[in-house]
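Hi there,

Here is the structure I promised to pass on to you. Please open it next to this email and have a look before reading on.

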Amino acid sequence: VGAESGLLGDEDTDEAAAALEPGTSAALLVYENRWAAPFATAVRRGGGQLVASGRIPVQAVISALDAAEAA
(Lines give C-alpha, C1' and ligand atoms only; values in the text may rest on other atoms or scores of the structure.)
Protein backbone atom coordinates (compact mmCIF):
# COMPACT_ATOMS: atom_id res chain seq x y z
CA VAL A 1 0.00 0.00 0.00
CA GLY A 2 1.29 3.47 -0.76
CA ALA A 3 3.49 4.72 -3.57
CA GLU A 4 4.06 2.03 -6.13
CA SER A 5 6.74 2.04 -8.80
CA GLY A 6 6.22 -1.47 -10.14
CA LEU A 7 9.80 -2.39 -9.20
CA LEU A 8 8.63 -5.20 -6.91
CA GLY A 9 6.44 -7.83 -8.51
CA ASP A 10 4.45 -10.83 -7.35
CA GLU A 11 7.51 -13.05 -7.81
CA ASP A 12 9.46 -10.86 -5.36
CA THR A 13 6.75 -10.91 -2.71
CA ASP A 14 6.18 -14.66 -3.19
CA GLU A 15 9.89 -15.31 -2.65
CA ALA A 16 9.89 -13.20 0.51
CA ALA A 17 6.76 -14.96 1.80
CA ALA A 18 8.33 -18.38 1.20
CA ALA A 19 11.22 -17.43 3.49
CA LEU A 20 8.93 -16.70 6.46
CA GLU A 21 8.25 -19.11 9.26
CA PRO A 22 4.57 -19.62 10.18
CA GLY A 23 3.39 -16.99 12.65
CA THR A 24 5.99 -14.40 11.60
CA SER A 25 5.72 -11.26 9.50
CA ALA A 26 7.95 -9.15 7.28
CA ALA A 27 8.07 -5.87 5.39
CA LEU A 28 9.51 -5.22 1.96
CA LEU A 29 10.93 -1.75 1.73
CA VAL A 30 12.38 -0.08 -1.34
CA TYR A 31 13.95 3.19 -0.35
CA GLU A 32 16.09 5.95 -1.71
CA ASN A 33 19.21 6.71 0.26
CA ARG A 34 19.17 8.26 3.72
CA TRP A 35 15.57 8.73 4.79
CA ALA A 36 15.21 5.04 5.70
CA ALA A 37 18.06 4.96 8.24
CA PRO A 38 15.91 6.18 11.19
CA PHE A 39 13.16 3.75 10.14
CA ALA A 40 15.59 0.83 10.02
CA THR A 41 16.97 1.80 13.43
CA ALA A 42 13.46 1.86 14.92
CA VAL A 43 12.66 -1.54 13.40
CA ARG A 44 15.83 -3.05 14.90
CA ARG A 45 15.07 -1.50 18.29
CA GLY A 46 11.61 -3.08 18.07
CA GLY A 47 13.13 -6.53 17.64
CA GLY A 48 13.21 -6.67 13.83
CA GLN A 49 16.17 -8.07 11.98
CA LEU A 50 17.64 -7.59 8.53
CA VAL A 51 17.52 -10.83 6.55
CA ALA A 52 18.50 -9.54 3.09
CA SER A 53 19.88 -6.44 1.48
CA GLY A 54 20.74 -5.32 -2.01
CA ARG A 55 21.10 -2.40 -4.36
CA ILE A 56 19.36 -1.80 -7.64
CA PRO A 57 21.54 -0.05 -10.24
CA VAL A 58 20.13 3.35 -11.21
CA GLN A 59 19.82 2.36 -14.87
CA ALA A 60 17.66 -0.64 -13.90
CA VAL A 61 15.37 1.67 -11.90
CA ILE A 62 15.06 4.07 -14.84
CA SER A 63 14.34 1.22 -17.26
CA ALA A 64 11.71 -0.28 -14.95
CA LEU A 65 9.98 3.07 -14.47
CA ASP A 66 10.03 3.71 -18.22
CA ALA A 67 8.52 0.27 -18.87
CA ALA A 68 5.83 0.81 -16.21
CA GLU A 69 4.98 4.20 -17.71
CA ALA A 70 4.66 2.71 -21.20
CA ALA A 71 2.29 -0.07 -20.06
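Predicted model: local features only at pLDDT ≥ 70, side-chain atom pairs only at ≥ 80, totals over all residues.

Of its 71 residues, 1% are buried. The accessible surface of the protein chain is about 6,500 Å², and carbon and sulfur atoms account for 54% of that area.

Let me start with charge. Which residues gather in a patch of negative charge on the surface? They are Asp10, Glu11, Asp12, Asp14 and Glu15. One of them, Asp12, sits in helix H1, which covers residues 10–18. Asp12 has a relative accessible area of 32%, so it counts as partly exposed; a residue needs over 30% to be taken into a patch.

Leu29, Trp35, Phe39 and Val43 make it up, and its area is about 380 Å². Leu29 belongs to the loop that runs between H1 and helix H2 (36–45). Is Leu29 buried, partly exposed or exposed? With a relative accessible area of 41%, Leu29 is partly exposed, because that class lies between the 20% and 50% limits.

Finally, a look at the loop between H2 and helix H3 (58–70), where you will find Gln49. Its relative accessibility is 68%, so Gln49 is exposed, the cut-off being over 50%. Gln49 and Ala26 are 23 residues apart along the chain, and 9.5 Å separates their C-alpha atoms.

Best wishes

Note on methods:
Residues numbered from 1 in each chain as written. Heavy atoms only, no water. Patch = residues over 30% accessible without salt bridge, like charges linked within 9 Å, V, L, I, M, F, W, Y side chains within 5 Å. Areas by Shrake-Rupley, 256 points an atom, 1.4 Å probe, with all protein chains shown as cover. Salt bridge = Lys/Arg side-chain N within 4 Å of Asp/Glu carboxyl O. Lys, Arg positive; Asp, Glu negative; His and termini not counted. Charge placed at Lys NZ, Arg CZ, Asp CG, Glu CD. Helix = DSSP H or I, 4+ residues; strand = E, 2+ residues; numbered from the N terminus. Buried < 20%, exposed > 50% of the residue type's maximum accessible area, 1.4 Å probe, protein only.
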